[in-house]
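Have a look at the structure first, then read on.

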Amino acid sequence: MASFNFSYLDPKTVTLIGIPGLEHVQYWIGFPFFAVCLLALLGNVILLIIIPAERMLHQPMYIFLAVLAATDVGLCLAIAPKMLAIFWFASFSMAFDACLVQLFFTHALQGMESGILLAMAFDRYVAICDPLRHTSILTPSVLVWMMLAVAIRATVLVGLLPILIKTLHLFHTTVIAHSYCEHMAVVKLAAEDIRVNKICGLFVGFAILGFDMIFILISYILIFKAVFLLPQREARLKAFNTCVPHMFVFLEFYILAFFSFFSHRFGHVVPSTHILLSTIYLLVPPALNPIVYGIKNKVICQRVVQIFLLIHKSE
């Protein structure tokens, strides 16, 4: 019975401490994170303005990019406000249900981003390996169904995680050693058997990230195989120029994703390092995506320049 004095039954609130071991400097860490969030929001909102307005960009690649931009905006809004409130205003407390809502949206949007990267890899595969059938394969209705499948898969699979956490009632502590509500960080608070939660987390991770990563790799292997067979050097360079930015985003996203995923379950990484990298993993791709994909397109670059010129003239 004495053990219950150090346990919490159905807690109403949790405490997020930010970055353990770096509490004394996390006020200053908040500024670069804020700058990255601001860059991500600005870049992705600009894409969401330009792509629907510019008819030349109504192609599968840029439709996927617009959906990716919307996902990235959602991801920033899901974690940045509370994280910066912790860093700057010592707002550590959070309602338990609100924590589960943040957990759901954070992981669901991650899953959607992974699915969109797979869709973009498939688009590049068709465009390079079967260009004559590109428009007949990726029709508007196919694009809609692909995006619906990505959203439904992430929503249903990630939705299992907070539902299973709600079946846990007894917790060792309500202090989460993290800057946002991450699945395993919350699950590890429980004083009950969490094997089902761990297995479900692994299943969801591999069903989304693992599945997508395997098929993206296959797509790019086939793409590079087709590129090497192109007879003209200029055609090969153009194809490489198109694919390299995609590969950069793909590698950056999945390397950090799997580092965060496995270090929480099997690793012995210093907590401050793990949490810094997992936060970077969530915030840096949304900031890089508009730059990596947008800067290669002349139409997007011209429209961005026009927007800033209009803002400058209005001042």
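This is a predicted model: local features need pLDDT of at least 70, side-chain atom pairs count only at pLDDT 80 or more; totals for chains, interfaces and linings use all residues.

## A cysteine to start with

Does Cys 99 count as buried or exposed? Cys 99 counts as buried, because its relative accessibility is 0% (buried means under 20% relative accessible area, exposed over 50%, partly exposed in between, with a 1.4 Å probe and protein chains only).

Residues are numbered from 1 along each chain as its sequence is written, and side-chain values use heavy atoms, leaving out hydrogens and water.

The chain's average pLDDT (the predictor's confidence in each residue, from 0 to 100) is 87, and 94% of the residues score at least 70. Confidence is highest in helix H5 (residues 140-165), with a mean of 96, and lowest in helix H10 (residues 298-314), at 73. Helices (H or I, at least four residues) and strands (E, at least two) are DSSP runs, numbered from the N terminus.

## The disulfide

Count pairs of cysteine sulfur atoms within 2.5 Å, and you get one disulfide. Cys 99 and Cys 181 form it, with their sulfurs 2.0 Å apart. The torsion about their S-S bond is about -125 degrees, so the disulfide is left-handed.

Cys 99 sits in helix H3 (residues 96-129), while Cys 181 is in the loop between strand E5 (175-176) and helix H6 (183-187), so the pair ties together parts 82 residues apart in sequence. Cys 181 is buried too, at 0% relative accessible area.

## Other cysteines

Cys 200 is in no disulfide: the nearest cysteine sulfur, that of Cys 99, is 17 Å away. Cys 200 counts as buried, at 11% relative accessibility, whereas Cys 301 is partly exposed at 28%.
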